[in-house]
Amino acid sequence: MSPADEEREPDEVPARGGSERDGGAGSEPAAAGPRPDEVPVEAYFVRGRNAMALWADFGRIFEDHYLHLMQLGVRLTAEQDELLKESLALLTLFLASRPNDESVAWTLNFREPPLNVFVTGDSVRGNVVGRVFTEDVKTAETDLFFAQVSSPRNPMRRSTVEIRGRDMLRVVEDYHRQSEQFPARFFRLGGDRYGMLVAHPDVDRAWYESLDVEGFRRLAEDEELRLIERRAYHYACGCDLDLVLKVVVDAYGRDPERILAGQERIEVRCPRCGGVFHVGREGIERYLRENP
Ligand SMILES: [Zn+2]
């Protein structure tokens, strides 16, 4: 933990909802570089090989993710933890490899035991977040990967592919091969570092297919790289009470009595990050007034 972590409010759930990139007066100019909570992701064109390489150290995103789980009192099994953590890293690389106005959500649906791993992120706000679901998980005959990609330019694109095995890198490679225009490979670079290699048309296929982790680590020495873009992503959901109340009103209707079901206050969880909000009659009535 860095010293900065101790300065945060202990009950800040979900983390930093109010400090998004479009936060107005407090926003730093782009030239100021990434904020302390941001993970820089660099994308390079590998000249002579016709491929794009991206890598990042996800330490800060993982740190904020674990802080969020701790605040919520969520305990994951080692396998759930690994699947969720790597999904966050690979989703971030995937976002950074694509147009800068897209948002993406992945749900990995496993049968034995029933488990959903959900991660989502947005390149405009530069955020990623995720959680696991173990209760009321519907399963199919095979393990499935559901993806949604959307942007202001394009309607939401949905795809579903079968999951084989539980190695997240291979799972996302399978998804990429079946859903995207070009194939991609992912690499565990050690520590919290992950890399991605996207094949362009006319890629040096033999090189692309045979590159190993050591070769990926040495890319900057062995190959001629040209920086395409530098982006930054951080761990945050961006939810607030009104967003969560919208989900509640959509599900239960606009009757505070029905929403409260005889209780003075109810606990509402954000479906994206699991963040907990408490709301009573006043809060619900205010929301209904402001959102006619
Ligand atoms: Zn949330």
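Is Asp 64 buried or exposed? Select Asp 64: this residue is buried, because 21 other C-beta atoms lie within 10 Å. A residue counts as buried with 20 or more other C-beta atoms within 10 Å of its own, as exposed with 12 or fewer, and as partly exposed in between, the C-beta atoms being placed from the backbone.

The model is predicted: local features need pLDDT of at least 70, side-chain atom pairs count only at pLDDT 80 or more, and totals for chains, interfaces and linings use all residues. Numbering starts from 1 along each chain as its sequence is written.

**Whole chain.** Of the 292 residues, 32% count as buried. The protein has 9 helices and 12 strands, taken as DSSP runs (helices H or I, at least four residues; strands E, at least two) and numbered from the N terminus.

**Around Asp 64.** Asp 64 sits in helix H1.

**H1 and H2.** Now show residues 59-72 (H1) and 78-96 (H2), which pack at an angle of about 135° with their axes 11 Å apart. Axes are lines fitted to C-alpha atoms, for helices over the stretch in contact, and angles run from 0 to 180 degrees between N-to-C directions. That angle makes H1 oblique to H2; under 35 degrees counts as roughly parallel, over 145 as roughly antiparallel, 65 to 115 as roughly perpendicular and the rest as oblique. On the H1 side, pick Ile 61, Phe 62 and His 65; on the H2 side, Lys 85, Leu 88 and Thr 92 make the contact (C-beta atoms, placed from the backbone, within 7 Å).

**The sheet.** Next, select the open sheet of 10 strands, ordered E7-E6-E3-E4-E5-E10-E1-E2-E9-E8 with mixed pairing; two strands pair if DSSP finds at least two bridges between them. E7 (157-162) and E8 (184-190) are at the edges with a single partner strand each, so one side of each lacks a neighbour in the sheet. Direction ignored, neighbouring strands are turned by 20° against each other on average.

Val 149 stands opposite Arg 157 in E7.

**Helices on the sheet.** Return to H1, which packs on the sheet and touches E1 (39-47), E2 (51-57), E5 (127-133) and E10 (224-235); its direction makes about 15° with that of E10. Finish at H3 (residues 168-179), which packs on the sheet against E3 (103-110), E6, E7 and E8, its direction making about 160° with that of E8.

Note on methods:
Two residues are in contact if their C-beta atoms, placed from the backbone, lie within 7 Å.
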